[in-house]
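Here is a short report on one protein model. Look over the sequence and the coordinates before reading on.

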Amino acid sequence: MKRLEITSDYSNVDWDEVIPVLMSYAYVLVGASNQRMARSREELAYDFAVDAITKYLDEPEKFDPSRNPDLIKYLKYNILRQLISNAKKKASNVNEVVQGDDESEKFDSEIVDDLFAEEFELDEAIDVASVVVKIEQEIEDDEELYEIFVGRYCYESKRGEICKDLKISTDEYDNRIRRLRRLSRKILDSVK
């Protein structure tokens, strides 16, 4: 599984190849920190991917290939992250209280307290998303670790599925996942 890069011919991009890459990254960033967003995580991942492409196509001059020639990185780290961050900050997403189907259902104080606590956990979830982004940036040039990361974190695949997809032994998987965990711990320790 080779990471998609677009480093030239920017006006001739096959967007059908780009959308799944952006969707998987958006899926990770959306996370499960917000009830409304988590319920429609897959649809949101698609919408954010398309929005990122649209924003780029509306203002292609903002992309500066001299800084980093990879258009995929620009779409992910500059546009997509900003779109999702803005969506998470919207008051309608942060303060939403979901009422059940039964309109007469009353909220007791314990439920209200739980919802209040969830709102304050948003900062922690954003921190988690930023750590995930740091890990991905750190391993993006290490194809072996990147494949494991995408399989485990983005697609939530099991060990056997990843071994089959990558055509590697379980011992090779174990070695790669250990390396990924060591690197992840080092990044986590640096942000504490």
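Is Glu 136 buried or exposed? Glu 136 is buried, at 3% relative accessible area. Buried stands for under 20% relative accessible area, exposed for over 50%, and partly exposed for the range in between (1.4 Å probe, protein chains only).

The model is predicted, so local features need pLDDT of at least 70 and side-chain atom pairs pLDDT 80 or more, while totals for chains, interfaces and linings use all residues. Numbering starts from 1 along each chain as its sequence is written, and side-chain values rest on heavy atoms, without hydrogens or water.

**Overall fold**

The protein chain has 10 helices and zero strands. These elements are DSSP runs numbered from the N terminus (helices: H or I, at least four residues; strands: E, at least two). Of its 192 residues, 38% are buried. Contact means heavy atoms within 4.5 Å. Among contacts between residues at least 6 apart in sequence, 67% join residues at least 24 apart. The chain exposes about 12100 Å², and carbon and sulfur atoms supply 47% of that area. Accessible areas follow the Shrake-Rupley method with a 1.4 Å probe; for residues, only the protein chains shown count as cover.

**The buried Glu–Lys pair**

Glu 136 belongs to helix 7 (residues 122-139).

What surrounds Glu 136? Leaving out residues up to four places away in sequence, Glu 136 touches Tyr 25, Lys 76, Tyr 77, Tyr 146 and Phe 149. With the neighbours within four places again set aside, Lys 76 contacts Val 21, Leu 22, Tyr 25, Arg 81, Glu 136 and Tyr 146. The charged end of Lys 76 also sits over the ring of Tyr 25, 5.0 Å from the ring centre. That term requires NZ of Lys or CZ of Arg within 6 Å of the ring centre and within 35 degrees of the ring normal.

**Nonpolar cores**

A nonpolar core is a set of buried Ala, Val, Leu, Ile, Met, Phe, Trp, Tyr and Cys residues joined through side-chain atoms within 4.5 Å. The largest core holds 31 residues, and Val 18, Phe 48, Tyr 56 and Leu 71 touch the most other members. Helix 1 (15-30), helix 3 (41-58) and helix 4 (71-89) each give two or more residues to this core. A second, separate core has 19 residues, including Val 132, Ile 139, Val 150 and Ile 177.

Tyr 56 is buried, at 5% relative accessibility. Not counting residues up to four places away in sequence, Tyr 56 touches Tyr 10, Trp 15, Phe 63, Leu 71, Tyr 74, Leu 75 and Ile 79.

**Aromatic pairs**

The structure holds six aromatic pairs. Rings of Phe, Tyr and Trp (its six-membered ring) pair if their centres lie within 6.5 Å; planes under 30 degrees apart are stacked, over 60 edge-to-face, and the rest tilted. Two of the tilted pairs are tabulated here.

| Pair | Centre to centre | Angle between planes |
|---|---|---|
| Trp 15 and Tyr 56 | 6.0 Å | 55° |
| Phe 63 and Tyr 74 | 5.0 Å | 50° |

Trp 15 is in helix 1 and Tyr 56 in helix 3, so their pair ties together parts 41 residues apart in sequence. Phe 63 lies in the loop between helix 3 and helix 4, and Tyr 74 lies in helix 4, 11 residues apart. Phe 63 is buried at 7% relative accessibility. Tyr 74 is buried as well, at 13%. Ring pairs link Tyr 10, Trp 15, Tyr 56, Phe 63 and Tyr 74 into a cluster.

**Positive phi values**

Most residues other than glycine have a negative phi. Asp 9 has a positive phi, near 50°. Asp 9 lies in the segment before helix 1 and is partly exposed, with a relative accessible area of 48%. Lys 167 has a positive phi near 55°. Lys 167 is in the loop between helix 9 (159-166) and helix 10, and is exposed at 75%.
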